[in-house]
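Please look over the sequence and the model before reading on.

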Amino acid sequence: MRLTRTSLPDAQISKTRPLAIPDISMIGAPVAVVGDGAGICRVNRAFTELTGFFEPELKGTPVVFMLKDFKPGKSALRGKSALAAKNGHDIPVSYSISSMPGSLFQVFTIIPRVEAEKLLKELSEKQSELERRERYIECFREGVLKMTNDLDRSETELKGALRNLQETQVQLIQSSKMTALGELSASLVHEISQPLTVIRGLTHGMLRTTDENAEYHSKIRIIGDAAARMEKIVKHLRTFSRSEAPALYPLDINSVVKDALLILNDHLLSHSIETVLDLSPVPLALGNPNRLEQVIINLVTNARDAMPNGGVLTMSTRDEAMDGRRLIRLMVKDSGIGIPEEIIDRVFDPFFTTKDTGKGTGLGLSISLGIVREHKGEIKIESTRGFGTAFHVIIPALS
Ligand SMILES: Nc1ncnc2c1ncn2[C@@H]1O[C@H](COP(=O)(O)OP(=O)(O)O)[C@@H](O)[C@H]1O
Ligand SMILES: [Mg+2]
């Protein structure tokens, strides 16, 4: 029996006979090449092995003859059916009839159902395995992301801790240096004060009783001036070596600034220094007025020295808040020579001075820092070489 043209959808039937029948010997699955009239032109080895027919027996046979459950129509291009094998057995198969790319022939592919089901099962297993792996990779990715974030966070924390440690170390060195120097100063002050008083008293008396034109008068004056300078240093050292904490009580820093200026004003004017006072209302602080006044005097004296040809001294106070704490900021700013960057880290060191011998003791800033720390505060410096320096004394407000 020959298959009529109307038994298969039009799309499946080649209108013209192609020149060469495609080679299908390399295809592993059972396939047949179908030509014009839906007749088989060629089968591969898997096809003959499955069906038991040799190629010459199949040639020209419409493929649908082999499919027992074939029903014509559009959906006939693929489906499930029983395939008639040579030995009279029916083999359950899945089949498809599709165009061959670049050819007018069609290809008839059959897969035994057992195998198709096995393949399907394998496919679905592979798919679930793939999904499982995808889920695993997603979890892994999330884990890595979280780990990276954690790592970033701990790195920041570690850096912060290291910074704190370094600061504490610097403070520790500073405070042990100060303690050692304090003890040393206390004994020095004790040893020096006595003979110094004697020298000062004697030179004073000698100057009074010697004629101004006498040979030794000027030399005695030099001794007296040197002793006066030494007394100044001893006075500094005395404050420095005072180990007991000063009495602290609520005070207004603005009035401490005003009191200090009463002492300093004339002095500043005589050095052609104009003072700009910019005081804001500030909360009370727990402090010792004499000690804070000393800080101001030290800072103003340094400002004066930084402006040998005169200039502007600005003093301001501000009420500030930082990290939920209320602070008082006192600024002492000059328009002087500025502090070179290479020494800015050393200016608080005891006995560090850039001034000529006899002019600087190198104790002003280290004493000031000690006092400000007693007030639980800190000192910050801003300086531009050639333009001036601002010292910021920051003290917590009384809460
Ligand atoms: N306002 C300032 N301008 C420039 N340099 C300053 C200023 N204040 C301090 N310095 C520098 O810091 C050094 C240390 O100051 P200080 O401890 O007061 O000691 P001294 O004034 O006796 O030198 C000074 O010698 C100076 O080099
Ligand atoms: Mg000084």
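## The largest pocket and its surroundings

With 11 residues, α6 gives the most to the lining of the largest pocket. Helices (H or I, at least four residues) and strands (E, at least two) are DSSP runs, numbered from the N terminus. The model is a predicted one, in which local features need pLDDT of at least 70, side-chain atom pairs count only at pLDDT 80 or more, and totals for chains, interfaces and linings use all residues. Residues are numbered from 1 along each chain as its sequence is written, and side-chain values use heavy atoms, with hydrogens and water left out.

The volume of the largest pocket is about 1300 Å³. Its lining comprises 43 residues, of which Asn298, Thr301, Asn302, Asp305 and Lys355 are the closest to the centre. Two or more lining residues come from each of α4 (217-241), α5, α6 (289-306), α7 and β12 (388-396). By class, the lining has 14 nonpolar, 18 polar and 11 charged residues. Here Ala, Val, Leu, Ile, Met, Phe, Trp, Tyr, Cys and Pro count as nonpolar, Asp, Glu, Lys and Arg as charged, and the others, Gly among them, as polar. On a 1 Å grid over the protein atoms alone, a pocket is an open set of points where a 1.4 Å probe fits, with protein on both sides within 12 Å along at least five of seven lines; lining residues have an atom within 4 Å of a point. A volume is the space filled by probe spheres set on the points.

## Helix α5

Helix α5 covers residues 253-270, and its 18 residues should span 26 Å at 1.5 Å a residue, which agrees with end C-alpha atoms 26 Å apart. The expected span is 1.5 Å times one less than the number of residues. A kink of about 50 degrees is centred on Leu264, the bend being the angle between axes fitted to the seven residues ending there and the seven starting there. Leu264 is also among the buried residues of α5, which include Val257 and Leu268; buried means under 20% relative accessible area, exposed over 50%, and partly exposed in between (1.4 Å probe, protein chains only). At the start of the helix, a side-chain oxygen of Asp252 comes within 3.1 Å of the backbone nitrogen of Asn254.

## Residues with positive phi

| Residue | Phi | Location |
|---|---|---|
| Ser272 | near 55 degrees | following α5 |
| Lys376 | about 60 degrees | loop between α7 and β11 (378-384) |

Phe351 is partly exposed, at a relative accessible area of 42%, whereas Lys376 is exposed, at 67%.

Definitions and conventions:
Chains lettered and ligands numbered in written order. Polar contact = N/O pair within 3.5 Å; in protein donor to acceptor, adjacent residues only side chain to side chain.
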